[in-house]
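Student: I have a structure open and want to learn how to read it. Can you walk me through its features?

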Amino acid sequence: MPTNLPPEALKKWEEYSEAQSPEEKLRKLQEFYSLMPKHKGTEKLEKFVKRRMSELRDEIERQKAAKSKRGGFAVEKRGAAQMVLIGFTNSGRSTVLSKLTNANPLISPYPFTTVEKPEEGMMEFKGAQIQVVEAPPIVPDGGKLTNLAISLSYNSDILGIVLDGRINPVDQFNEIASILEKYNISLKKPRGVVRVIRSKAAPGIIVKNKGRILDGSEYDVRKILENYGVRQAWVEIEGEVSLSDVEESVLSEKKYKPFILFVTHADDELAKKNVEALRKLGVLVIPVDLSSEVDREFLGEYILKELNLIRVYTKSKAEKGFSERALVVRRGTTAREVARIIHKDLYENFRYAKVWSKRLPYSPMRVGPDFELEDGDAIEIIG
Ligand SMILES: Nc1nc2c(ncn2[C@@H]2O[C@H](COP(=O)(O)OP(=O)(O)O)[C@@H](O)[C@H]2O)c(=O)[nH]1
Ligand SMILES: [Mg+2]
């Protein structure tokens, strides 16, 4: 563990953490590698460094290739969260995208229509927006398209897995899950989760412990992250986790992704049976057919909940009503943190806040800086 690293190695690690381009990151990491002691206690770190170096090399290569071709495939995130639609060709990804958003993707019976550039759109629902991106199709044998779909998936917040209801979708689902697993994307929710959300908006390393740390304290968690060069982040702990899980969350490339299943051709008789079979897996299944609508409100709320996000409506003294657009923040965000997001002055001069909410005995209720907000709360900050 980097705790016992010599100071010059630690310094290099910091430089690596702060480096912006993959080229610079690779250079710093190579220097770090030559400075770090190599023994039993640093095995995990050594393995990580090697893997990371090879990933960075790949990334540099990919960037070069993309530049020479034009464009590239990263889709910049917008809205409260990004859902990437993946599935085999012709499964109905474009159809789902057009049901959820205002996007007008090319829908065609010919395989491999969506290849050039990912189509995207915004799904609007009460107060918030979720970005929906259609990935290129997954091809069972792998290859360029699959790699693009995987890298989009890896960077997404949640996956929408699109299955053709007529062709045994349980098999399709298992096949997709095992392909994802090969690329370090796991669909299985672990018993405990440590989520490190790095953000310049975090005033330091803020630990939100909703679970239990089995072999240490929140202080230990902060120390470990500091040692890995994390300075500003929200750290969410759910379920039972150990300090080694905390370390893993920074070192490991494996990522858990929540997902939703969209089953197309749902008005087909066979598909109806298949939808029931998928529901038995205990996951959210949204049936889709050409003639009915998808309930965006329900879907949007489900996604926010899955991602631990809440909508908060704000109001300033000058305004009569609350904002139509919600501020989407992490669950457990406090009144004072909301003030910080709105304006530095509000944060510094925070006196108290008024909160309107159905869950309170009366509204508005006067609350202090540490009051934790819930989905749908409305708040006015008094400075
Ligand atoms: N009847 C019916 N046709 C569908 C459904 N979903 C997709 N399709 C058709 O299947 C073909 C491929 O759909 P598309 O959305 O382009 O698939 P993609 O390749 O995954 O993007 C198109 O001809 C669609 O009209 C559905 O739920 N019902
Ligand atoms: Mg398509």
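Tutor: Start with a sorting rule. Ala, Val, Leu, Ile, Met, Phe, Trp, Tyr, Cys and Pro count as nonpolar. Asp, Glu, Lys and Arg count as charged, and the others, Gly among them, as polar. Keep in mind that this is a predicted model.

Student: How do the residues of the shell around ligand 1 divide into nonpolar, polar and charged?

Tutor: Five are nonpolar, nine are polar and three are charged.

Student: Which residues come nearest to ligand 1?

Tutor: There are 17 residues around ligand 1, and N90, G92, R93, T95 and H265 come nearest. Helix 4, residues 93–100, gives the most to this shell: three residues.

Student: Which atoms should I look at for polar contacts with ligand 1?

Tutor: Look for pairs of N or O atoms within 3.5 Å. T95 uses its side chain: a polar atom there lies 2.6 Å from an oxygen atom of ligand 1. N90 uses its backbone, with a polar atom 2.8 Å from a ligand oxygen. On its own, ligand 1 has 570 Å² of accessible area, and the protein covers 84% of that.

Student: Are helix 1 and helix 2 roughly parallel or antiparallel to each other?

Tutor: Check the angle. Helix 1 spans residues 7–18 and helix 2 spans residues 22–35; their axes cross at roughly 165° and come within 9 Å. So helix 1 and helix 2 are roughly antiparallel. Their crossing is left-handed.

Student: What should I look for in the backbone?

Tutor: Look for exceptions. Most residues other than glycine have a negative phi, and most peptide bonds are trans.

Student: Which residue has a positive phi although it is not a glycine?

Tutor: N184, with a phi of about 70°. Find N184 in the loop between helix 6 (169–182) and strand 5 (185–186).

Student: Which peptide bond is cis?

Tutor: The one from S363 to P364, with omega near -5°. P364 sits in the loop that runs between strand 16 (352–356) and strand 17 (365–367).

How values were computed
Residues numbered from 1 in each chain as written. Chains lettered and ligands numbered in written order. Predicted model: local features only at pLDDT ≥ 70, side-chain atom pairs only at ≥ 80, totals over all residues. Heavy atoms only, no water. Near = heavy atom within 4 Å. Polar contact = N/O pair within 3.5 Å; in protein donor to acceptor, adjacent residues only side chain to side chain. Areas by Shrake-Rupley, 256 points an atom, 1.4 Å probe, with all protein chains shown as cover. Helix = DSSP H or I, 4+ residues; strand = E, 2+ residues; numbered from the N terminus. Axes fitted to C-alpha atoms, helices over the stretch in contact; angles between N-to-C directions. Parallel < 35°, antiparallel > 145°, perpendicular 65-115°, else oblique. Left-handed = near helix turned anticlockwise from the far one by under 90°.
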